[in-house]
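Please examine the model shown below. The paragraphs that follow consider a pocket, a pair of helices and the overall fold in turn.

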Amino acid sequence: MAVLLLECARADFANEPVEVEAVRQALQAQLGMAASQIDALMSAAVETASTAVSLHGPIARLNAELSPDSKRELMHWLWRVACADGRIDAHEEHLLRKLADLLHLPHSDFIRTKLSATQNEV
């Protein structure tokens, strides 16, 4: 989860602290970890993302472990990260479309989570 959230934050090629904070909030909300645990998890996720040649490993694990409802919740948080800086970059949207497909989420869930996340930001 952390790897995908961080990849979303980096997708627009801008280092926005507000997007990184959205990743922290998502991990806190999803996992209920202490701040020091979140820091360690994010460091490990950065290392994994920087050495990975694809997202196949994290995606396969999420597909094996998450329910459809949990995948929708993850997609909602991915959208929240993407729009944390006040706009959704084309690279971010492309990544999230690809992730929705890889997570086997129907297009209707992709759109519904986008609308939900963007309406929460307004």
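In this predicted model, the lining of the largest pocket is made up of nine nonpolar residues, one polar residue and two charged residues. The space within the largest pocket amounts to about 240 Å³.

Two packed helices are described by the angle between their axes and the distance between the axes. For helix α2 (residues 17-31) and helix α3 (residues 35-51), the axes come within 10 Å and cross at roughly 115 degrees. The crossing of these two helices is right-handed. On the α2 side, the residues in contact are Val20, Val23, Arg24, Leu27, Gln28 and Leu31; on the α3 side, they are Ala35, Ile38, Asp39, Leu41 and Met42. Classified by residue type, this contact comprises eight nonpolar residues, one polar residue and two charged residues.

At the level of the whole chain, the secondary structure consists of seven helices and zero strands, and the order of elements from the N terminus is α-α-α-α-α-α-α. The radius of gyration is 13 Å, close to the 14 Å that the globule rule gives for 122 residues, so the protein chain is as compact as a globular protein of that length. The C-alpha trace spans about 35 × 30 × 30 Å along its principal axes.

Notes: Residues are numbered from 1 along each chain as its sequence is written. This is a predicted model: local features need pLDDT of at least 70, side-chain atom pairs count only at pLDDT 80 or more; totals for chains, interfaces and linings use all residues. Side-chain values use heavy atoms; hydrogens and water are left out. Axes are lines fitted to C-alpha atoms, for helices over the stretch in contact, and angles run from 0 to 180 degrees between N-to-C directions. Helices (H or I, at least four residues) and strands (E, at least two) are DSSP runs, numbered from the N terminus. A crossing is left-handed if the near helix is turned anticlockwise from the far one by less than a right angle, and right-handed if clockwise. Contact means heavy atoms within 4.5 Å. Ala, Val, Leu, Ile, Met, Phe, Trp, Tyr, Cys and Pro count as nonpolar, Asp, Glu, Lys and Arg as charged, and the others, Gly among them, as polar. On a 1 Å grid over the protein atoms alone, a cavity is a set of points where a 1.4 Å probe fits but cannot get out, and a pocket is an open set with protein on both sides within 12 Å along at least five of seven lines; lining residues have an atom within 4 Å of a point. Grid points are joined across faces, edges and corners, and a volume is the space filled by probe spheres set on the points. The radius of gyration is taken over C-alpha atoms; the globule rule is 2.2 Å times the number of residues to the power 0.38.
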